[in-house]
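Reader: I would like to learn how to read the features of a model such as this one. Please show it first.

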Amino acid sequence: MAIYNLTGYNMEAFTLLGIPGLEQYHVWISIPFCLIYFVAIVGNSVLLYLIAMEHSLHAPMFFFLSMLAITDLILSTTCVPKSLSIFWFGPQEISFPGCLTQLFFLHYSFVLDSAILMAMAFDRYVAICSPLTYNTILTPRTIVKIAVGISFRSFCVFVPCVFLVNRLPFCRTHNIPHTYCEHIGVARLACADISINIWYGFCVPIMTVIIDVILIAVSYILILCAVFRLPSQDARQKALGTCGSHVCVILMFYIPAFFSILAHRFGHNVPRTFHIVFANLYVIIPPALNPIVYGVKTKQIREKVILLLLPKRSH
């Protein structure tokens with residue numbers, strides 16, 4: 001009769017090994033990662049500063065954009081500093097509570113990002129399809145309710161994963177061949193049945209994100225129908241221009257996200273090294289590109305950034 005001594009079985013630290021097969025290139029890999037992370041921190045911080053300080057940016061669209069910037073900062077900061085320490089100093093230990101905290105904020109940020117993009121699509125739908133009632137529909141009270149609702153939904157979707165991992169006995173290896181803790185990767189180290197982890201970790205978040213994608217698609221179909229009914233070409237171009245940055249961010253977020261999730265679940269022939277490299281790029285590139293895209297394609301932000309970097313000289 002084999003009985004595991006479960007007392008403190010999940011108190012041992014894990015060891016994050018980095019990118020298997022590329023250990024000798026870790027220092028070189030760290031250079032672009034560090035630069036992109038710096039861009040993400042500076043870009044999102046500047047975006048938050050402008051939205052907070054400029055009264056003209058105190059609108060629902062920019063409130064949701066500030067939520068997206070905060071979530072991107074959480075997403076990248078949850079994973080990248082630990083990854084860089086692995087690249088620079090070799091395999092790093094992470095405590096079991098620290099691992100749970102990291103995997104929660106990683107997945108929570110992902111689901112919250114998706115919900116924020118859905119809220120932004122709704123904002124664009126109201127602005128273009130019902131411009132006369134925009135301020136009466138998206139009141140400050142409504143915006144706060146939406147923000148609290150999507151944050152609470154994202155919390156409820158992924159907090160069970162923490163308990164699902166916490167219940168598992170880790171009586172074999174504590175080495176994680178990755179640069180950060182993520183739900184299924186940690187669960188697969190357990191010496192117990194992880195069927196619930198696999199099905200919950202795949203089905204519930206995927207269904208949640210798919211619902212967001214469907215609602216975003218419906219919003220933009222209605223937006224396009226409204227845009228092409230506008231009388232003048234200038235009005236159509238202006239309406240499409242206000243949505244251009246949002247569409248770019250949506251594509252940058254969902255395409256690599258779905259690829260990473262599906263490859264992790266079904267891509268058994270995908271080399272582990274490729275998957276881990278891609279997973280690292282996913283948590284750092286969208287947070288770095290989002291403020292750049294909005295800065296380039298959103299006129300109000302572009303003008304404020306120019307004034308911030310190149311203030312007018314007094315004559």
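Reader: What is the order of the strands in the open sheet?

Author: First, the basis: this is a predicted model, in which local features need pLDDT of at least 70, side-chain atom pairs count only at pLDDT 80 or more, and totals for chains, interfaces and linings use all residues. Residues are numbered from 1 along each chain as its sequence is written, and side-chain values use heavy atoms, with hydrogens and water left out. Strands of a sheet pair through backbone hydrogen bonds, either parallel or antiparallel. Two strands count as paired if DSSP finds at least two bridges between them. Helices (H or I, at least four residues) and strands (E, at least two) are DSSP runs, numbered from the N terminus. Here the open sheet has 3 strands in the order β2-β1-β3, with mixed pairing. β2 (92-94) and β3 (175-176) are the edge strands, each pairing on one side only.

Reader: How many bridges join β1 to β3?

Author: Strand β1 (residues 14-16) is joined to β3 by 2 bridges, and the two run parallel. Leu16 has Ile176 in β3 as its bridge partner.

Reader: At what angle do α5 and α7 pack?

Author: Axes are lines fitted to C-alpha atoms, for helices over the stretch in contact (heavy atoms within 4.5 Å). Angles run from 0 to 180 degrees between N-to-C directions. Helix α5 (residues 140-166) and helix α7 (residues 195-227) pack at about 170 degrees, with axes 10 Å apart. That makes α5 roughly antiparallel to α7 (over 145 degrees). Among the residues that meet are Phe158 and Leu164 in α5 and Tyr200 and Val204 in α7.

Reader: Which residues does UniProt list as "transmembrane region"?

Author: Such annotations may be inferred rather than shown by experiment. The unreviewed entry lists several spans, including 198-227 and 274-296. Residues 198-227 are 100% helix and 0% strand, with end C-alpha atoms 43 Å apart. For residues 274-296, the figures are 91% helix, 0% strand and 31 Å.

Reader: How many aromatic pairs are there?

Author: Rings of Phe, Tyr and Trp (its six-membered ring) pair if their centres lie within 6.5 Å; planes under 30 degrees apart count as stacked, over 60 as edge-to-face and the rest as tilted. The count is 14 aromatic pairs. The ring centres of Phe14 and Phe96 are 5.8 Å apart and their planes are at 40 degrees, so this pair is tilted.

Conventions
Angles under 35 degrees count as roughly parallel, over 145 as roughly antiparallel, 65 to 115 as roughly perpendicular and the rest as oblique.
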